[in-house]
Amino acid sequence: MTNQLQQLAENARTHAYVPYSTFQVGASLETEDGTLYSGCNIENASYGLTNCAERTAIFKAMSEGHRKIKKLYVTADTKGPVSPCGACRQVIAEFMDQDGEVILANVNGEKRSVTIQQLLPGAFEAGDMDEQK
Ligand SMILES: O=c1ccn([C@H]2C[C@H](O)[C@@H](CO)O2)c(=O)[nH]1
Ligand SMILES: [Zn+2]
């Protein structure tokens, strides 16, 4: 499965729309029922509107009715495995549990396997709103 996710993410990366940074990123994921999705980063002349590869893949899956991610793979041309930005970590935390695997990689095939808890300890969660006074 990881090999398939790697292939999907590397292929999605070739579709990155990155005229401003020229930094191509690819992501792929497996949902709870085994469905696979992939995504790339999509930039904008208004830089802040850029959508990262991770969020593209996640939003594609969620907009098709999925709600849980079992495995997420991210790759870029970085020295070591790529490191997702803070916004993506928060979005990943919404749809991934402790038992989910996040594989951070680079195009040379270097990989690091982590949990979302390791990437974003203390993430803001829906239940936190129950504690309002
Ligand atoms: O994990 C990451 C890190 C960065 N980017 C994108 C956002 C922007 O297009 C470019 C440079 O930040 O890389 C991602 O897609 N995922
Ligand atoms: Zn991001």
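Analyst: Before we start: helices are DSSP runs of H or I with at least four residues, strands are E runs of at least two, and both are numbered from the N terminus. This is a predicted model. With that numbering, Glu125 sits in the segment after H4.

User: Is Glu125 buried or exposed?

Analyst: Glu125 is exposed, because 11 other C-beta atoms lie within 10 Å and a count of 12 or fewer qualifies as exposed.

User: What does UniProt place at residues 1–127?

Analyst: The unreviewed UniProt entry puts the feature "domain: CMP/dCMP-type deaminase" there. In the model, that span is 28% helix and 28% strand, and its end C-alpha atoms lie 32 Å apart.

User: Moving on to the ligand. How many residues surround ligand 1?

Analyst: There are 15 in the shell, and the closest are Ser21, Val25, Asn41, Cys52 and Ala53. By type, the shell has 10 nonpolar, 3 polar and 2 charged residues.

User: And the largest nonpolar core, which residues touch the most other members?

Analyst: Val25, Ala27, Leu29, Ala53, Leu72 and Val74 do, out of 29 residues in that core. The elements giving two or more residues to this core are helices H1 (2–13), H2 (53–62) and H3 (86–95), together with strands S1 (25–31), S2 (36–40), S3 (69–76) and S4 (96–106).

User: Which element gives the largest share of this core?

Analyst: S3 does, with 5 residues.

User: Take Val74, then. What is it in contact with, leaving aside neighbours within four places in sequence?

Analyst: Val74 contacts Ala9, Val25, Ala27, Ala53, Glu54, Val82, Pro84, Leu104 and Ala105. Among these partners, Val25 and Ala53 also belong to the closest residues around ligand 1.

User: Ala53 is in H2. How many of the residues of H2 are buried?

Analyst: 7 of its 10, so H2 is mostly covered. The buried ones are Ala53, Glu54, Arg55, Thr56, Ala57, Ile58 and Ala61.

User: What covers them?

Analyst: The cover over the buried residues of H2 includes H1, S1, S2, S3 and H3.

User: H3 next. Which of its residues are buried?

Analyst: Cys88, Val91 and Ile92 are the buried residues of H3. They lie on the same side of the helix, because their arc around the axis is only 105°. These residues pack against H2, S3, S4 and helix H4 (116–119).

User: Where does Phe95 sit?

Analyst: Phe95 is in helix H3. Phe95 counts as partly exposed, because 19 other C-beta atoms lie within 10 Å, and buried takes 20 or more.

User: Which residues is Phe95 in contact with, again leaving aside neighbours within four places?

Analyst: Ile58, Met62, Arg67, Lys68 and Ile69. Ile58 is one of the buried residues of H2.

User: How far is Phe95 from Pro121 in space?

Analyst: The distance is 15 Å, C-alpha to C-alpha, at a sequence separation of 26 residues.

User: Last topic, backbone angles. What is phi of Thr22?

Analyst: Phi is near 60° for Thr22, a positive value in a residue other than glycine. Thr22 is located in the loop between H1 and S1.

User: Why does Thr22 count as exposed?

Analyst: Because Thr22 has 8 C-beta neighbours inside 10 Å, and the limit for exposed is 12 or fewer.

How values were computed:
Residues numbered from 1 in each chain as written. Chains lettered and ligands numbered in written order. Predicted model: local features only at pLDDT ≥ 70, side-chain atom pairs only at ≥ 80, totals over all residues. Near = placed C-beta within 6 Å. Nonpolar A, V, L, I, M, F, W, Y, C, P; charged D, E, K, R; others polar. Core = buried A, V, L, I, M, F, W, Y, C linked by C-beta atoms within 7 Å. Contact = placed C-beta atoms within 7 Å. UniProt positions renumbered as here; feature names shortened; annotations may be inferred. Arc of directions from axis to C-beta.
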